[in-house]
Amino acid sequence: QVQLLESGGGLAQPGGSLTLSCAASESVYGFNVMGWYRQGPGIERELVAAISSGGKPKYADSVKGRFIVTGDNFKNTVTLRMNSLKPEDTDIYYCALATSWDTPPESWGQGTQVTVPS
């Protein structure tokens with residue numbers, strides 16, 4: 001199974017920015033979607049932003065216009081630039097890898113904490 005290693009979480013002030021990075025341990029060939037989910041206490045993981053191997057991004061409504069997801073098929077990486085952060089963005093963020101938009105992710109990272117104090 002492909003291992004996903006995340007980095008870049010931490011503390012940011014409201015209105016600030018953070019960048020999350022995720023690197024796969026091997027080629028992600030055969031997986032067509034790579035991106036980020038987040039999960040709060042007692043809540044299911046939800047898609048934040050992801051990008052297809054063809055470069056098409058998808059965003060949760062709550063982050064549209066604020067977050068930017070980019071992928072690099074050659075480096076097997078995905079990056080999430082988080083701008084204009086809000087306290088409600090506080091969560092654990094997970095990198096994920098899926099075969100398609102219609103299938104649940106097959107691989108998950110260990111999660112990285114993002115905290116935006118109110």
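A salt bridge is taken here as a side-chain nitrogen of Lys or Arg within 4 Å of a carboxyl oxygen of Asp or Glu, and by this rule the structure has 5 salt bridges. Arg-38, Glu-46, Arg-66, Asp-89 and Asp-91 are joined in a network of such bridges. The model is predicted, so local features need pLDDT of at least 70 and side-chain atom pairs count only at pLDDT 80 or more, while totals for chains, interfaces and linings use all residues. Residues are numbered from 1 along each chain as its sequence is written, and side-chain values use heavy atoms, with hydrogens and water left out.

**Salt-bridge network**

- Arg-38 and Glu-46 meet through their side chains in a salt bridge of 3.1 Å, N to O; Arg-38 is buried at a relative accessible area of 6%, whereas Glu-46 is partly exposed at 38% (buried means under 20% relative accessible area, exposed over 50%, and partly exposed in between, with a 1.4 Å probe and protein chains only).
- Arg-38 also forms a salt bridge with Asp-89, where the closest N and O atoms are 3.2 Å apart; this pair links distant parts of the chain, with Arg-38 in strand 4 and Asp-89 in the loop between strand 8 and strand 9, 51 residues apart (strands are DSSP runs of E, at least two residues long, and helices are runs of H or I of at least four, numbered from the N terminus).
- Asp-89 has a salt bridge with Arg-66 as well, the closest N and O atoms being 2.8 Å apart, and here the link runs from the loop between strand 6 (57-59) and strand 7 to the loop between strand 8 and strand 9, over 23 residues.
- Arg-66 is buried, with a relative accessible area of 10%, and Asp-89 likewise counts as buried, at 1% relative accessibility.

**Aromatic cluster and the charge over it**

- The structure holds 2 aromatic pairs, a pair being rings of Phe, Tyr and Trp (its six-membered ring) with centres within 6.5 Å, where planes under 30 degrees apart count as stacked, over 60 as edge-to-face and the rest as tilted.
- Tyr-37 and Trp-108 form an edge-to-face pair at 5.0 Å centre to centre, with 75° between the planes; Tyr-37 lies in strand 4 (residues 33-39) and Trp-108 in strand 10 (residues 107-108), so the pair ties together parts that are 71 residues apart in sequence.
- Tyr-37 is buried, with a relative accessible area of 18%, while Trp-108 is partly exposed at 33%.
- Tyr-94 and Trp-108 form an edge-to-face pair at 6.4 Å centre to centre, with 90° between the planes; Tyr-94 belongs to strand 9 (residues 91-98) and Trp-108 to strand 10, so this pair ties together parts 14 residues apart in sequence.
- The charged end of Arg-45 sits over the ring of Tyr-94, 3.6 Å from its centre, and over the ring of Trp-108, 4.5 Å from its centre; the criterion is NZ of Lys or CZ of Arg within 6 Å of the ring centre and within 35 degrees of the ring normal.

- An open sheet is formed by 4 strands in the order 1-3-8-7, with antiparallel pairing, two strands being paired if DSSP finds at least two bridges between them.
- Strand 1 (4-7) and strand 7 (67-72) stand at the edges with a single partner strand each, so one side of each is left without a neighbour in the sheet.
- Strand 3 (residues 18-24) and strand 8 (residues 77-82) pair in the antiparallel sense over 6 bridges, and Ser-21 stands opposite Thr-79 in strand 8.
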